[in-house]
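Colleague: I would like to go through the terms used for this model and see what stands behind each one. Please set the values against the cut-offs.

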Amino acid sequence: MVQIPTTDGQADAFAAFPDHGERHPGVLMYADAFGIRSVLREMARELAGHGYYVLVPNFFYRHGPAPLIELPEHIGEEARPAVVAQVMPLIEAHTAERVLSDADAYLRFLTTQPELGAGPVAVTGYCIGGLLAMRTAAAHPGQVAAVAGFHGPVGADGPDSFSKLTAQVHLGHAETDMTPEALGELNRALDAASVGYTSEIYPGTVHGFTMSDTDAFNPAALQLHWDRLLPLLRRTLANG
């Protein structure tokens, strides 16, 4: 765990990177609304094992360090409504202004780490983290070379939000989050903004499909997520 100075205090974060004494490209990973926990640390370590410095901030740090709420080991359908009810006020308080202010701090911290190599970084996010990833990439077009969002409300800011994107984009949507008609509308907005992207509905998925500690988990979709994310990072970031 590390501490990131921000304009509003200190954000706690989890960092994972190869222990080779070498420099690596950086990836800012935004968690889902349930925050930093075992499954997120496992995913960060998995990604770090491919040669990246991965930083996972607690973006709700203004309300306290992670974990902010007590989560069951498995977030099943019975537990989900109560957990969501606890995190919704935190999501509502996390305004766009806070997101962008924090993104500046996260990227500043990430790019000053001695284990980080020169060059651009990537941003990835899950659930609400997908929206945070897109906002971060749009606000830092010269610094973010790739952005990926999974089962996230990535179009929530409207089509004009894509106009500043210069990063290569991959979006993996859940079937329960995105109809084919809505996907077509989103992709047309990305086309209009001249964004380089792939954007697809992952078959047979529900919201949260990457998270192995929930009933939404879909192992095949998690693997598809890695199959899309890792080539994107290899194409856009300078390994080593």
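Colleague: In which hand does helix 1 pass helix 6?

Modeller: Helix 1 passes helix 6 in a right-handed crossing. A crossing is right-handed if the near helix is turned clockwise from the far one by less than a right angle, and left-handed if anticlockwise. Helices here are DSSP runs (H or I, at least four residues), and strands are runs of E of at least two, numbered from the N terminus.

Modeller: A word on the basis: this is a predicted model, in which local features need pLDDT of at least 70, side-chain atom pairs count only at pLDDT 80 or more, and totals for chains, interfaces and linings use all residues. Residues are numbered from 1 along each chain as its sequence is written, and side-chain values use heavy atoms, with hydrogens and water left out.

Colleague: Why are helix 1 and helix 6 called oblique to each other?

Modeller: Their axes, lines fitted to C-alpha atoms over the stretch in contact, come within 12 Å and cross at roughly 40°. Angles run from 0 to 180 degrees between N-to-C directions. Under 35 degrees counts as roughly parallel, over 145 as roughly antiparallel, 65 to 115 as roughly perpendicular and the rest as oblique. Helix 1 and helix 6 are therefore oblique.

Colleague: Which residues make the contact?

Modeller: Met 43, Glu 46 and Leu 47 of helix 1 meet Leu 222, His 225, Trp 226, Leu 230 and Leu 233 of helix 6, where contact means heavy atoms within 4.5 Å.

Colleague: What makes Asp 213 and Arg 37 a salt bridge?

Modeller: The term requires a side-chain nitrogen of Lys or Arg within 4 Å of a carboxyl oxygen of Asp or Glu. The closest N and O atoms of Asp 213 and Arg 37 are 2.6 Å apart, so the pair qualifies. Asp 213 lies in the loop between strand 8 and helix 6, and Arg 37 in the loop between strand 3 and helix 1, so the pair ties together parts that are 176 residues apart in sequence.

Colleague: Why does Glu 200 count as partly exposed?

Modeller: Glu 200 has 21% relative accessibility, so it counts as partly exposed. Glu 200 forms a salt bridge with Arg 228, with 2.5 Å between the closest N and O atoms.

Notes. Buried means under 20% relative accessible area, exposed over 50%, partly exposed in between (1.4 Å probe, protein chains only).
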